[in-house]
Amino acid sequence: MLQPQSSRAAGEAMRDLTAPEPQKKGRRQPRVTVQPEAMSAAGRYVVLTALCVLCYCNSLRGELVHDDVWAIINNPDVRPGSSLINIFSNDFWGKMMADNTSHKSYRPLCILSFKLNILLGGMTPLYFHMVNVCFHCAVTCLLMHTCKSCVFEDSRLAFITALLFAVHPVHTEAVSGVVGRADVLACLLFLLTFLSYVRSVGVCVSEDSLPSTMSACSLIVSLLLGTCAMLIKETGITVFGVCVLYDALVLCCKPLINHLYSSRPGNLLYICSPFVKRACLISGYVVLIMSVRLWLMGGSMPLFSEQDNPASFSPHLLTRILTYSYLLSFNAGLLLAPIVLCYDWQVGSIPLVESLSDFRNVAAMLLAIVMVALCLHCVFSLQRQESREVLVGVLFLVFPFIPASNLFFRVGFVVAERVLYMPRSGIQTLPHNAKAHYNYANFLKDSGRHEEAIHHYTTALRLYPRHASAMNNLGTLTHCSEEAEHFYRKALDTNPQHNRALFNLGNLLKSQGKTKEAEVLLMDSINFGAHFADAYSSLASLYAEQKRFPEANEVYLKGIENCPDNSDLHNNYGVFLVDTGEGALAEAHYLQAVRLKPAHYVAMVNLGRLLRSSNENEAAESWYKRALQITRKVDILTPLGALYYNTGRFEEALQAQVLAMVSHTIEAEKMTLDIISREGSCIECYRLLSAIYSKRGNFTEALDALDRALQQNPSDLTVRAELYFSKGNQLREMNQLDRAFESYKLAVELKPDRSQAWMNMGGIQHIKGDYAAARMYYQRALLLNPGSKLLKENLAKLDRLERKLTVEA
C-alpha cells in the first residue's frame, strides 16, 4: 500500500539533492516561480467555491420559514441577552431536555452559531443563508482535500468527487434551509475529525509492524472535533466508527495480513498493540460521551406520533422490516437519481410495505445485493488500492446514515433529505425538484402573494403528485368552495391521516351546514393530531351551535389538557363559559390566555367586557387600556368608548370613538412608558413592560419592571401573587433557580391554590436532586389539578429515578 507520508518525504529528499548552488554576492537572484501543481490545486478550489455559490446564490433571498421559525425566531435561547447556560441545558428548540415534550435533539453548538449570527447581523435572513452557503463551500473544498489525501492517488478523481458533491440536488434542503446548518456544519467537523485521526497515525517502519500513534496531540484533537460534531448534530458521533474501521482496514491492513502469513503468529497481540490502544481509547471515549448524552435526555426518549413515522407504530413485525428496508432503497434512489425531491415526505407519500408480494421489495433486494457485493469486494481485495476507494466510500455512505435508519431507535420522520448530506458520495444530474417549488410557494403564501403561490404548488404537484400538504395548501388558497373541497379530499386520498386537511374540510362542511360529516372529520383531526388546538376549538364550537353544551365543554377541557400552552384555546373556552352563564369560571381562562401570550389583546377585551357586565368599570377600563397598549383596533376602542359614555366621561368617549374610526396604532412599549411617566403607579403597565422586554430577551430589564410593580405594594393579594409568579418565571428563564423558588414560594403563600407555582417549585427541586421535596410539591399541585398529565408524568419520572437509586445502592 502506498503511504502518502513516505511519498512526500521522498519528494523532499529529491529536491535537496538537486538544489542549485547559492548565488554569489551581487549576482542577480532568479525570480521565484509558483509550482504548476499548486496553481492547479488553487484553481480547483476556486472552481468548487464558485460552483457552490452559483448553485445556492438564489437561496440568499429566502426568508426564515418552517423549522427556521421555531429554531430561531421562536427559540428563547437564540435571543440577544439570553443566558448561554440555557443553550447547553435545553434542546434544539429551546425546551429543557428533561421536559417530557422535548424533542431530545441536543445541538448546543448549532444554536450558538445562530446566536452569533443574530449578534453580528440581527435577524436578517440574508446573513443566515450566507453563512450556510459559506459552510457548504468549506465542506466541498475539504472533501476534495480528504479524497486527495486518503482515498485517491489521482487528484483529478478527488476534484470530480467534490464537484459532484457541490452541485448535487439532494443538498438543497440542508444548504437552503437555515436549520440545515446542523447537517452542513456537522459534516465539516466530521471531515476534520477524520483527517486529524489519520494524521495521528504514523507510517509503518516495516511490512510486519503496524503503524504506531505518531501524534498524540492530533489524536486528542480528533476526539475534541468529533465531540463538537456530535454537539452540532447527533450523527456526528458516527465519525469515530469511520476512523477506527479506516485504521483497521486501510492503515493497518497490509502489515497485519503479512504478519498472519509469517512464521511468527505468537507475537500478534504485541504487534497489534498500537491499533488496539487507539481503538480502546476511541471506544471508551464514545461510551463516555454517549452516557453523558443519555443523562442529558433525562432518562426518557423523545415522543413521536404515528404521523411522524408510521412504520414504527405498525403492530406487524413484517411490515416494519419490509418498510424500513424499502426506505433504505428509497434514500439510495434519492442519491443516485434525485429526479423528484420533496420538502416534507408526508406519512401517505410512501405507503407501508405490508406484504412480500409488494413490487417495492425488489428495490430493497437490489440494494441488499449491491451492498453485500461491495462489502465482499472490500474483504477480498483489502491489499489493493481499489479496495481503499470502495471501502472509504462505503464507510462514508453507511455510518452517517445509521442514526436515521430506525435500526436502533425510532426517528421522527419517514424520509428527510437533509440527513443525506454526510452520506452523499457524488451523483451527476441537476433536475427540477418539487421541494424548491413547495418551499417557495409557502413563502409566497405567507407573504400574501396567493396567485403566485398557487402556481408553484401546482408545479410541485406536477413533479410530485402525492404531495398531500401541497394539495391541502392549494385548498386554503382557492376562492371557490367546490375547488377547495376537491383539493382537501384529494389530500386525504393520498394521506387519510393529514390532520390539517381533515380540519380544513371539516370547517368547510361545517360552514355549508353538513354538520354530521364535519363532526366526523374534526374528530379525526383530533385523533391524528392530539396537540392541534384549533381542531378542539372548532369541534367544540360545532357542538355549542347545536346546543350540545356538555359535549362542547368536554372537548374544550380535553383540548386544554393536551394543549395547555395554547392561549387561543383558553380564550375560546372563556367565551363559551360566558355564553353558558359561567362567567366566574371564564375570568380564570381569560387571565390564563394573557399569561401565556401577554400580547393577546382579544382575551383582554373579552375580560374587560366580562368585568363591565358585572359593573366593575375600573377593572374593565384597565384591561381595555392594556389591550390598547398592544394595538389600537376598533374592537378595543369601541367598547372602551361605550364604557366612557355610560360612566359620563363624554370627552374621553368621543376621543375613543375618533381613534376607532382612524385605527391609529403605536408601539406598545412607547405607549406603556408614556403612561408610566404620567401614572407611576400603573402596575399593569409594568407587567406589560416586563412581558415586552422578556419577549425581546432583555431578561434583566423585564425582571426590573416586575420589581417596580411589586414596589407599588398592590393591595389585591391575587395581583401580588401573579407578580411573584411572573417573577419566578423570569428568574427561571435566567437560570436563577434558587431565587425563582423563593418567588414561587411567596406566590403560594399569598394564593395557596396556584397549582402551577407548586409544580414549578417541584420542578426546581427535581432538577437540584432533592427528590423528596420535589414529590411533596408535585403532590400538592396534583391535589389542586388532579387531571394534569404533566404532573403525573413528573411523578412517574421520580419513581423511576428512586427505583434506580435503590437498585444501585
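**Exercise 1. Overall make-up**

**Exercise 2. Confidence of the model**

Task: Determine in which helix the confidence is lowest and in which it is highest.

Solution. The model is predicted, and the chain averages a pLDDT of 76. A score of at least 70 is reached by 74% of the residues. Confidence is lowest in helix α1 (residues 4-17), with a mean of 36, and highest in helix α10 (residues 216-232), with 92. Two stretches call for a separate entry. Over residues 425-437 the pLDDT is below 50, and this stretch has 35 contacts in the model beyond near neighbours in sequence. Over residues 657-668 the pLDDT is likewise below 50; there the model has 21 contacts beyond near neighbours in sequence.

**Exercise 3. Two aromatic pairs**

Task: Classify the ring pairs Phe114 and Phe128 and Tyr573 and Phe576, and locate each pair in the chain.

Solution. The structure holds 13 aromatic pairs. A pair of aromatic rings is described by the distance of the centres and the angle of the planes.

Step 1. The ring centres of Phe114 and Phe128 are 6.4 Å apart and the planes stand at 55°, so this pair is tilted. The pair links distant parts of the chain, with Phe114 in helix α5 (residues 108-121) and Phe128 in helix α6 (residues 125-150), 14 residues apart. Both Phe114 and Phe128 are buried.

Step 2. For Tyr573 and Phe576, the centres lie 6.1 Å apart and the planes are at 15°. Planes under 30 degrees apart count as stacked, and the pair is therefore stacked. Both residues lie in helix α25 (residues 567-579), three residues apart, about one turn of the helix. Tyr573 counts as buried at 5% relative accessibility, and Phe576 counts as buried at 7%.

**Exercise 4. Phe114, its cluster and the nonpolar cores**

Task: Identify the aromatic cluster that includes Phe114, and relate Phe114 to the largest nonpolar core.

Solution. 

Step 1. Phe92, Trp93, Phe114 and Phe128 form one aromatic cluster. Over the ring of Phe92 sits the charged end of Arg107, 5.0 Å from the ring centre. Elsewhere, Arg754 lies over the face of Phe725, at 4.5 Å from the ring centre.

Step 2. Neighbours within four places in sequence are left aside; Phe114 is then in contact with Ala71, Ile72, Val78, Phe92, Phe128, Val178, Val179 and Arg181.

Step 3. The largest nonpolar core has 80 residues. Phe114 is among those with the most contacts inside it, as are Ile72, Val139, Phe194, Phe240, Tyr246 and Tyr421. Helix α9 (residues 181-200) gives the most to this core, with 13 residues. A second, separate core of 40 residues includes Leu542, Tyr543, Ala552 and Tyr590.

**Exercise 5. Residues with positive phi**

Task: Compare the places and the exposure of Lys547 and Asn735.

Solution. Most residues other than glycine have a negative phi.

Step 1. Lys547 has a positive phi of about 65° although it is not a glycine. Lys547 lies in the loop between α23 (533-545) and α24 (549-562), and at 62% relative accessibility it counts as exposed.

Step 2. Asn735 also has a positive phi of about 65° without being a glycine. Asn735 is in the loop between α34 (717-733) and α35 (737-750). With a relative accessible area of 31%, Asn735 is partly exposed.

Methods
Residues numbered from 1 in each chain as written. Predicted model: local features only at pLDDT ≥ 70, side-chain atom pairs only at ≥ 80, totals over all residues. Heavy atoms only, no water. Phe/Tyr/Trp six-rings, centres within 6.5 Å; stacked < 30°, edge-to-face > 60°. Helix = DSSP H or I, 4+ residues; strand = E, 2+ residues; numbered from the N terminus. Buried < 20%, exposed > 50% of the residue type's maximum accessible area, 1.4 Å probe, protein only. Lys NZ or Arg CZ within 6 Å of the ring centre and 35° of its normal. pLDDT = per-residue confidence, 0-100. Contact = heavy atoms within 4.5 Å. Core = buried A, V, L, I, M, F, W, Y, C linked by side-chain atoms within 4.5 Å.
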